[in-house]
Amino acid sequence: MNSLKGKVALITGVAAKRGMGHGVALRLVGEGANVVVVDKYAVPRTLFPGDEGWGGLNAVVAEVESLGSKGLAVVADISNSQEVDAGVAKAIEKFGRIDILVHCAAIRGPMTTPLVKLSEREWKTVLDVNLNGAFFISTAVAKNMVTRGEGGKIVLISSLAGNRGVPGSGAYCVSKWGVIGLVKTLALELATYKINVNALNPGTFGTHLRDENYVQLAQAEGITLNEFRERYDKQMTTKVPLGRMGTPEDIANLVLFLVSDQSSYITGQAVDICGGWGLIHG
Amino acid sequence: MNSLKDKVAFITGAASKRGMGRAIALRLAGEGADIVVVDKFSAPQSHFPGDEGWGGLNAVVAEVKSLGKEALAIVADTNNSKEVETAVAKALERFGRIDILVHCAAIRGPVTIPIIDLAEEDWRKVLDINLTGSFLISKAIAKTMVTKGKGGKIVLVASLGGVKGMPGSAGYCASKFGVIGLVKTLALELASYKINVNAISPGTVITNLRDSFHIEKGQAESITIDEAIKRDYQKLTEGIPLGRVGTTEEIADLALFLVSDQSKYITGEAINITGGVS
């Protein structure tokens with residue numbers, strides 16, 4: 001209930017209502033943590049019915065405060081190292097410390113473009129946000145943890161695409177393999193400072209990550225967004241052994257375990273959380 | 001605190017004082033589960049300092065009861081299908097259900113024998129106990145879970161030796177790779193019944209598993225068992241990024257996570273708990 005009392009968690013990718021970052025923030029706050037919530041957008045674009053009027057980072061801070069914790073909203077593009085450093089500095093200025101980093105911010109990029117057709121620009125965009133961003137935020141926070149000398153917990157969100165090939169999603173796939181490489185190296189480098197570093201590999205989840213892809217693919221087929229989403233989600237769900245897509249709550253539960261004292265002997269790991277889907281494909 | 005209220009957990013390899021099975025039994029009981037503790041030996045013979053007078057399964061039952069939960073001790077060899085069936089029947093007779101299986105029972109086998117020198121009987125013994133035993137117990141308990149239709153949680157203890165090669169320990173290594181293959185297959189077969197199946201792959205943890213290795217080493221080098229253990233762990237610790245060996249309590253924490261509602265979207269996974277080795 002209060003396993004994270006006194007701890008400060010910095011969480012990225014938190015502005016979207018249906019995102020993992022939002023779910024994680026609420027779960028950690030529920031265990032007593034204060035949080036710094038970071039996103040490139042204070043309020044994300046609304047693409048999906050149901051998201052209208054969502055207040056983004058400020059809405060999350062309001063939820064955090066209603067749960068009795070303190071929250072700080074920071075707008076920063078994690079693919080920009082200066083914005084990352086400034087964001088971490090603001091967090092330290094407000095709370096004096098960062099005990100936990102959970103890095104959820106990422107983009108999906110092309111899902112149906114073979115590598116031989118992928119433009120350099122599309123490749124760079126995905127790698128910049130997903131891999132360089134992971135490097136910038138992890139190292140900025142880790143530096144602070146090392147200086148303070150009280151250990152820490154770092155969790156990066158990779159993907160099932162981080163340990164197999166995904167036709168059509170070459171840039172995303174490579175960026176997520178990279179995130180796992182980052183986790184495994186950071187874990188070895190930071191072990192001596194008692195900082196645990198692990199990754200999650202989500203399978204198929206009902207978040208906002210693929211919103212833009214859905215809009216484009218629906219348009220290309222000349223069907224409505226809702227029709228496309230229903231059909232796509234149903235297709236994905238039937239492939240999952242446990243019979244459903246994952247939720248931000250599923251992610252939040254595993255994140256909590258990995259940032260708590262219960263997992264002190266686990267580091268450098270990338271845990272699949274996919275309802276068994278990863279067992280079948282790739 | 002009470003995340004496992006009304007659940008019944010069946011735990012193998014639970015008789016040893018310093019073992020994972022006992023630690024897991026106590027952890028799950030602490031979260032409200034009633035416990036069935038199983039071992040081939042009611043009270044294991046141990047020549048280890050500190051184990052004298054340890055009451056084995058009955059001592060664990062007493063500990064579980066002092067935590068306010070019910071417990072049943074069953075002596076059974078998980079490598080013997082008849083003994084497995086009898087044990088499962090006794091558990092059902094007592095508690096009516098099995099919600100959770102945590103299978104810890106295993107042997108270490110040869111530690112310093114290259115494959116080209118490994119006797120067939122030594123190979124078979126490790127494979128039988130570690131792999132066939134895992135199959136027999138998982139099958140028996142999964143059947144009851146499928147029949148009952150209320151889902152379930154199965155956790156098998158594999159090893160770091162289940163994901164990497166281990167020179168000198170071919171039988172153990174192959175058996176643990178096999179346990180992971182079993183977990184990944186069971187997970188797919190049982191998913192439609194909402195039964196989650198996962199493995200825990202420990203690195204170096206202080207248990208009784210390597211007792212005979214320490215005793216032999218002590219004898220061979222004319223040093224005390226204490227000294228043999230100290231030197232062994234010191235050597236092993238050098239290669240561990242987090243700078244220490246693991247404890248059975250830490251294994252129990254991961255086991256609890258994997259048998260709780262918190263992990264319901266995780267199945268077919270083998271989680272390494274090794275202090276950063278691999």
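In this predicted model, 22 residues of chain B are in contact with 24 residues of chain A. On the chain B side, the elements that each give two or more residues to this contact are α5, α8 and β7. Sorted by class, the side of chain B that touches chain A holds ten nonpolar, eight polar and four charged residues.

| Element of chain B | Residues |
|---|---|
| α5(B) | 170-190 |
| α8(B) | 248-259 |
| β7(B) | 270-273 |

As for confidence, the predictor assigns the complex an ipTM of 0.91 and a pTM of 0.94. For chain B, the mean pLDDT is 95, and 100% of the residues reach 70 or more.

Within chain B, one helix pair can be described in detail. Two packed helices are described by the angle between their axes and the distance between the axes. Helix α1(B), residues 20-30, packs against helix α2(B), residues 56-66, at an angle of about 20°, and their axes are 9 Å apart. Angles under 35 degrees count as roughly parallel, and α1(B) and α2(B) are therefore roughly parallel to each other. The crossing of α1(B) past α2(B) is right-handed.

Which residues of α1(B) and α2(B) meet? From α1(B) come B:Arg22, B:Ala25, B:Leu26 and B:Ala29, and from α2(B) come B:Val60, B:Glu63 and B:Val64. By class, this contact has five nonpolar and two charged residues, and no polar ones.

Turning to chain A, seven strands form an open sheet with parallel pairing, in the order β3-β2-β1-β4-β5-β6-β7. The edges are taken by β3(A), residues 71-75, and β7(A), residues 270-273; each has a single partner strand, so one side of each is left without a neighbour in the sheet. From one strand to the next, the twist averages 15°.

Inside this sheet of chain A, β1(A), residues 8-12, and β4(A), residues 100-103, run parallel and are joined by four bridges. In one of these strands, β4(A), A:Val102 is the bridge partner of A:Ile11.

Conventions
Residues numbered from 1 in each chain as written. Chains lettered and ligands numbered in written order. Predicted model: local features only at pLDDT ≥ 70, side-chain atom pairs only at ≥ 80, totals over all residues. Axes fitted to C-alpha atoms, helices over the stretch in contact; angles between N-to-C directions. Parallel < 35°, antiparallel > 145°, perpendicular 65-115°, else oblique. Left-handed = near helix turned anticlockwise from the far one by under 90°. Contact = placed C-beta atoms within 7 Å. Nonpolar A, V, L, I, M, F, W, Y, C, P; charged D, E, K, R; others polar. pLDDT = per-residue confidence, 0-100. Pairing = 2+ DSSP bridges.
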